[in-house]
Amino acid sequence: MEAIIEAVFGIKTTKIVPLSGYDNRNYCVYDAHQKWILKTYTDCSQRPILEAECEALDFLSQQADFTLQCPQPQRTATHDFVAEVVLDDKPQLIRLLSFVEGAFLGDCPPTRQSYTHLGIRLGELNQKLAKWTSPVIQARQWAWNMGSFTLIKPNINLLEQPAQRMVHYFIQHYEEVVVPQLSHLPKTTLYNDANEWNILCEQEEIIGMIDFGDLAYGPRIHDLAVAMVYAAYDKEDPLDWACLVLQGFHQVQALQPEEIKLLYHSMALRLCMSLCNSAVAKTTQPENTYATYSEKYALKMLNHWLACGPLGAEKAFLKAVGLKYKPPADTEQLLESRKRVLSDALSVSYQKPIPMNQAAFQYMYAADGSTFLDAYNNIPHVGHHHPVVVEAAQRQLAKLNTNTRYLYPELQTYAEALLAHFPKPLDKVFLVNSGSEASDLAIRIARSYTGQKSVVVMEHGYHGHTQTGIEISDYKFSHPKGMGQQAHIIKLPFPKSTDPLNTSIASAKNILAKQQEPAAAFISETILGCAGQVPLPEGYLQQLYPLLRQQGSLCIADEVQTGFGRLGDYFWAFEQQGVIPDLVVLGKPMGNGFPMGAVVTTSAIAERFAQGVEFFSSFGGNPVSCVVGKAVLEVLKEEQLPQNAQLTGEYFMAQLRNLQKEFSTIHEVRGQGLFLGVELRDPKGRPHTRLAQKIKNELREKHILISTDGPYDHILKSKPPLCFDKANVDQVIDRLYQSLKNTPF
């Protein structure tokens, strides 16, 4: 090596020290007067890139008004910047750069001044590089160039959950939000690697930048986004530290609001690239710890970025540069315009309604930039805007969407995938558009099969908003404003927790015996949601179903709220009771927000129904809904979300019961998996409706979404997306504790 350096560069070395590197060997070289960095490359095809980088450094060294210290390339005896030599019996490229003295920013205590100065220095560098161009750099495509982000997409599957779904989501959003704007953004040559181990400082001043090996060409905000990520990713408040770099950069190069809006997504993309490239390095260079150094920080910040949200980041970024955030919606104006065209029968949640703008997984982003932790909505079952579900819908919408009068494979494929989750003999499915429509259809099928009209229902039950749905929903028809119980509806009292099971069964048997003719069907949830997440007693359906079937009635299980793994151990709640219904009603979570519902039944029942009037749903079972439904099933399996519901639900339940020990107003904690209810009672044992409403609205002010339910609206309910985790539970418990502690009972 010494001989090669002397022969190629004319420098007689006194010492050579190996250095760590991402994908090539580097050395610190000493001669009698100064230090150098020797860089070697086994891939000789990189020569045009290396020469372009040296030309950029040479250009910077000639700028008289540019004070930032950067490496200067040493020319060879033939006046080249790069030489090809033989090392380890292989042809390799080498080049020699001057050593830039200074302390690494990563070794210095972080200060607000130093990170603001980093932004200033990056802006200055960016300005100079804007005057230098290279067709080689402009054409460069590789995995650290944000302009080449599609190269990392195949590597997403190398990541573990939840990193995989977050990276998938953020890349998808970059494509949706940033890519359409790229042609309009100011572009330049980019330094592209302003990390803490490439930045040199002295006290609180940035004095130099090294390692220009990641030079790229693209929007200037990409350079800024990289610097903001590295400034923030290892900090407890990353948004605050990122804003410091932005402030400094903006002083030198004033950014447009449109550019600032795209920074959130650009920063997220850089974090995604870091995680994907680290995942690749683990397989190709398992011994290279340098290659995966930033992985834990990138994952932590991506989680924080998800909780922060695009609007919250945009608001902070605009404030940092002295611009005002303009919310896309005003609450009062939205309410007024809503009332002009919609009925007051459509209620809104909370005393202060929330104008929502976006959502992701377990978070919802309000128009004012606030982020809300969603511990309430059970419709986005696998998480708001899950990228797998979104992509499935997008692909199919671009291909075909029609009705079931035509043949298309998506229908059979989804039906088979769905039925695979059911026990025999449940082997036929009718696809509709909602749980309400499914309840309606299930009653129609039962009446057709039995020739009877009456329906047995459970006290406090809820099965939809259609006419039939309301007729069979005690929650609706027994409401003070409800229609009352119809003559053909038979209501069973909800079993009291204090009564033995045989007492509850005897009561039901007595009611059924009084009927002049058998009912067409019995319909019930296994855990009654609108009752306040109240489970039926263990073994209740196991004893009740035979009584009903002896009379010729069909048994319908309503799985709209409890199905698809929400209970954790059980994919369907009826499994918990050890029964197999004749019909199962599905809805809400089937499409993760896409309107879907279904009735699952047996071949015998389906064949009898087919002898009557034709069944048809204009949109039920359309190709888009089928691929969306299948995507939901795939995500549930691949991300093991039922298992997560079980583990997180157990933790949630335990934490709620710890609160119950401290606060006597918590009468009962119940439910299973991520389907939980907290019943509140006052010191006299009465339902504490006022406190429940107070807590719900106080948590809303603390950016936690829960709701209330039950006959007296006194039960706090939580049915979050199944990606909810223990850290999210801790947030809910902390806010709930604060609210309970500050409430006089």
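**Cavities, sheets and one serine**

Author: The largest cavity holds about 100 Å³ of space. The model is predicted, with local features needing pLDDT of at least 70 and side-chain atom pairs pLDDT 80 or more, while totals for chains, interfaces and linings use all residues. Residues are numbered from 1 along each chain as its sequence is written, and side-chain values use heavy atoms, leaving out hydrogens and water.

Reader: Which residues line the largest cavity?

Author: A lining residue has an atom within 4 Å of a point. For the largest cavity these include F652, L656, G677, K717 and S718. At least two lining residues come from each of helix 23 (641-662), strand 25 (675-680), strand 28 (715-718) and helix 25 (726-741). Helices (H or I, at least four residues) and strands (E, at least two) are DSSP runs, numbered from the N terminus.

Reader: How many residues of that lining are nonpolar, polar and charged?

Author: Nine are nonpolar, two polar and one charged. Ala, Val, Leu, Ile, Met, Phe, Trp, Tyr, Cys and Pro count as nonpolar, Asp, Glu, Lys and Arg as charged, and the others, Gly among them, as polar. K717 is in the lining and is therefore counted as charged, as a Lys.

Reader: Which helix gives the largest share of the lining of the second largest cavity?

Author: Helix 9 does, with three residues. Helix 6 (220-232) and helix 9 (263-284) each supply at least two. The lining as a whole has five nonpolar, two polar and one charged residues.

Reader: Why does one side of strand 7 and of strand 10 have no neighbour in the sheet?

Author: Strand 7 (103-104) and strand 10 (205-209) are at the edges with a single partner strand each, so one side of each stays without a neighbour. The open sheet has three strands in the order 7-9-10, with antiparallel pairing.

Reader: How do you know that strand 9 and strand 10 pair?

Author: Pairing requires that DSSP finds at least two bridges between the strands. Strand 9 (residues 199-202) and strand 10 have four, in the antiparallel sense.

Reader: What is the order of the seven strands in the open sheet with mixed pairing?

Author: The order is 15-23-22-21-18-16-17. Strand 15 (426-432) and strand 17 (489-492) are the edge strands, each pairing on one side only. Strand 16 (residues 455-458) and strand 17 run parallel and are joined by four bridges, and V456 stands opposite I490.

Reader: What makes the pair S603 and K428 a polar contact?

Author: A polar contact needs N or O atoms within 3.5 Å, and within protein one must be able to donate a hydrogen and the other to accept it; residues adjacent in sequence count only if both atoms are side-chain atoms. The side chains of S603 and K428 meet at 3.1 Å, which is within that limit. S603 lies in helix 21 (residues 603-610).

Note on methods: On a 1 Å grid over the protein atoms alone, a cavity is a set of points where a 1.4 Å probe fits but cannot get out, and a pocket is an open set with protein on both sides within 12 Å along at least five of seven lines; lining residues have an atom within 4 Å of a point. Grid points are joined across faces, edges and corners, and a volume is the space filled by probe spheres set on the points.
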